[in-house]
Amino acid sequence: VKCRGIVCFVMNKMSRESQHGKWTLSSSDDEDEDPSPLPSDGNPGKGLQRVEKTRGVGVGAGSGSDPRQAARSNQVNREKFGAGVTTSSAKRKKESEDTGWALSSSDDDCENSSFADHRKARNPSPKRTKPERARPASPHGASYYKEEPADVFDAGFLPADGAFRFYLNRVTGIEKKFNTGALHIKGSVIQKSFNYCFDISWMVQQYPPEFRDKPVMIVHGEKRESKARLIQQAQPYTHIRFCQAKLDIAFGTHHTKMMLLWYEEGFRVVILTSNLIPADWYQKTQGLWLSPLYPKLPEGSPFLAGESPTNFKSDLLDYLRSYRAPELEEWIQRIGEHDLSQTRVYLVGSTPGRFLGSDMEKWGHLRLRKLLSENTQRVQNEEAWPVVAQFSSIGSMGVDKTKWLAAEFQHTLTTLALNIFFTQVYPSVENVRTSLEGYPAGGSLPYSIQTAQRQLWLHSYFHYWSAEVTGRSHAMPHIKTYMRTSPDFAELSWFLVTSANLSKAAWGALEKNNTQMMVRSYELGVLFLPSAFVSDMKTFKVQKNPFPATGSSASFPVPFDLPPQPYRNKDQPWIWNIPYTQAPDTHGNVWVPS
């Protein structure tokens with residue numbers, strides 16, 4: 001299959017200077033913070049681990065002016081456990097006597113547009129901007145991405161004809177059998193003319209040499225300095241163009257991860273969870289849906305010919321139109337000329353805006369609710385079927401569960417049967433400490449102390465990450481999945497893989513007495529429903545042994561262990577902007593964010 005061109009939808013990124021250099025984090029993984037300041041005498045309760053003031057330096061990227069250059073050169077500041085090195089700058093630490101949480105003064109800046117009235121009441125002060133968050137680069141040297149022999153990234157067995165077309169990424173440092181049937185951007189994706197964008201020079205290098213000059217359009221949400229850096233990166237590559245996503249609502253982000261891949265024989269859609277950094281393809285757990293190769297329709301066919309039973313074609317076109325971008329008109333026209341009738345998944349997207357009437361059900365969690373209500377069938381004893389939500393970031397949901405989570409979001413997830421058990425899978429501190437990456441894996445799990453202390457009620461839902469079934473217990477999840485399972489966890493009534501984390505910004509929130517839906521961010525995922533595969537099928541069987549993959553199983557490959565296990569007595573949710581110095585990680589480092 002010969003590649004002709006690509007459209008990549010990428011997330012906006014942010015960078016932040018710290019005493020440990022410039023780190024990078026995709027801001028779209030950050031939560032929509034509750035902006036109200038935490039009282040100085042706030043009490044975190046029992047749900048959070050106490051940490052003591054400590055000396056030492058955490059893991060950070062080099063101080064180069066370009067965070068991507070720092071990531072590529074692996075210039076990092078590392079301190080081994082027990083080194084006793086004091087921080088190089090005397091940044092003032094804030095610590096509530098009652099909470100015991102040590103925070104730097106830079107952690108107090110979180111704001112939200114809903115805080116406007118409170119800001120007006122304050123004395124005039126210089127305008128503050130949302131702080132740019134930080135993600136550390138690899139702390140483990142040049143071997144970090146080269147721990148495996150080169151053939152681990154070869155295409156090998158590519159189960160492109162699998163029933164569900166849902167795959168995990170290949171992970172270095174795990175048993176070989178757990179990568180059989182998994183995909184990697186270079187070996188399994190690029191060699192089949194797939195590609196993904198993060199660091200532009202890295203992206204280009206993933207192509208076979210003969211395809212490195214094919215036209216590429218990158219749809220992004222970058223602004224100001226980060227946009228300038230992105231454009232600067234592309235200067236050597238004249239075949240790369242850009243389209244900026246409109247973000248009209250404060251604190252919205254462009255979080256969608258999708259590729260439209262054009263060939264001489266047709267085109268594909270790839271919807272995935274991977275970020276735009278090389279590390280996301282090596283030692284994290286990621287997922288992707290790979291469409292069939294869509295052929296071109298006969299000349300003169302109607303624009304919406306080649307529709308699938310799931311309305312995937314028209315929904316994809318609606319999603320692209322929501323960008324209101326002239327740069328995408330050519331691609332919209334091209335999609336209309338192709339046959340997408342073999343698609344068996346439903347598109348679940350979010351796009352920024354305030355929606356009324358029937359438009360409320362086009363986006364966010366109301367879109368998911370509509371699909372579930374119209375296309376799922378009741379099963380016996382449905383009230384006993386739990387919902388499992390797994391994510392890598394958590395937003396602010398209010399002082400109790402009735403404010404959003406249980407009021408509207410859980411109502412969507414439990415469509416056809418309310419008041420059921422809701423399980424949430426989110427890595428614990430111990431998960432992160434013992435991961436393949438060690439503490440730096442927590443840079444991709446941006447749950448902040450400010451948010452966590454305001455919703456301690458949420459932590460009773462948490463279950464730790466375990467993925468023995470796929471060999472990925474130590475590959476921290478950046479994948480996001482939501483599913484409804486049978487009481488014995490042997491069946492699924494539906495499964496969703498998406499870019500959307502557990503936040504109102506991603507899923508939307510009802511306003512004005514439930515007559516309006518407000519969504520801040522762009523998100524995209526695909527929903528698997530049994531009836532789309534076999535008309536009278538009510539459930540999927542859960543695949544007991546997804547690896548080594550054969551491509552022939554009719555059961556669904558859930559990425560982690562079922563049933564999820566609740567946090568143990570000493571487990572705490574990973575909080576990314578507080579120190580962890582009591583025990584070293586798998587590389588002998590401690591974590592002290594600036």
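Helices (H or I, at least four residues) and strands (E, at least two) are DSSP runs, numbered from the N terminus. The structure is a predicted model, in which local features need pLDDT of at least 70, side-chain atom pairs count only at pLDDT 80 or more, and totals for chains, interfaces and linings use all residues. Residues are numbered from 1 along each chain as its sequence is written, and side-chain values use heavy atoms, with hydrogens and water left out.

**Figure 1. Overview of the chain, with 12 helices and 26 strands.** Of the 594 residues, 63% are buried (buried means under 20% relative accessible area, exposed over 50%, partly exposed in between; 1.4 Å probe, protein chains only). Among contacts (heavy atoms within 4.5 Å) with a separation of 6 or more, 76% are between residues 24 or more positions apart. The chain exposes about 23100 Å², and carbon and sulfur atoms supply 49% of that area (Shrake-Rupley method with a 1.4 Å probe; for residues, only the protein chains shown count as cover).

**Figure 2. Helix H5 and the β-α-β unit formed by S9, H5 and S10.** Helix H5 spans residues 224-234 and contains Arg224. Phi of Arg224 is near 50°, a positive value in a residue other than glycine. Most residues other than glycine have a negative phi. Arg224 counts as exposed because its relative accessibility is 65%. Strand S9 (residues 216-220), by contrast, is largely enclosed by the rest of the structure, since five of its five residues are buried. Val216, Ile218 and His220 point one way from S9, while Met217 and Val219 point the other way. S9 runs parallel to strand S10 (residues 240-244), to which five bridges join it (two strands pair if DSSP finds at least two bridges between them). In S10, Arg241 stands opposite Met217. The unit is right-handed: with the strands pointing away from the viewer, the path from the first strand over the helix to the second runs clockwise.

**Figure 3. Strand S17 and its partners S18 and S21.** Strand S17 (residues 387-390) is covered on both faces, with Val387 and Ala389 buried on one side and Val388 and Gln390 buried on the other. Four bridges pair S17 with strand S18 (residues 422-425) in the parallel sense, and Val388 stands opposite Thr423 of S18. S17 and strand S21 (residues 480-485) run antiparallel and are also joined by four bridges. The bridge partner of Val387 in S21 is Arg484. Asn381 is placed in the loop between helix H8 (364-375) and S17, and its phi is near 60°, a positive value in a residue other than glycine.

**Figure 4. Aromatic pairs, including Tyr439 with Tyr580 and Phe462 with Tyr567.** A search of the whole structure finds 37 aromatic pairs (rings of Phe, Tyr and Trp, the last by its six-membered ring, with centres within 6.5 Å; planes under 30 degrees apart count as stacked, over 60 as edge-to-face and the rest as tilted). The Tyr439 and Tyr580 pair is stacked, because the ring centres are 6.0 Å apart and the planes lie at 15°. This pair links distant parts of the chain, 141 residues apart: Tyr439 is in the loop between helix H10 (429-433) and helix H11 (449-452), and Tyr580 is in the segment after strand S26 (540-541). Tyr439 and Tyr580 are both buried. The pair of Phe462 and Tyr567 is tilted, with 5.8 Å centre to centre and 55° between the planes. Phe462 lies in strand S19 (residues 462-463) and Tyr567 in the segment after S26, so this pair ties together parts that are 105 residues apart in sequence. Phe462 and Tyr567 are both buried. One aromatic cluster is formed by Phe164, Phe166, Phe495, Phe528, Phe533, Phe540 and Phe556.

**Figure 5. Charged ends of Arg334 and Arg568 over aromatic rings.** The charged end of Arg334 sits over the ring of Trp262, 5.1 Å from its centre (NZ of Lys or CZ of Arg within 6 Å of the ring centre and within 35 degrees of the ring normal). The charged end of Arg568 sits over the ring of Tyr464, 4.0 Å from its centre.

**Figure 6. The cis peptide bond between Leu562 and Pro563.** Omega of this bond is about -5°. Pro563 lies in the segment after S26. Most peptide bonds are trans.

Figure 7. Ser350 is buried, with a relative accessible area of 3%. Leaving aside neighbours within four places in sequence, Ser350 is in contact with residues including Tyr319, Trp363, Trp507 and Glu523. The C-alpha atoms of Ser350 and Ala500 are separated by 8.6 Å, although these residues are 150 residues apart along the chain.
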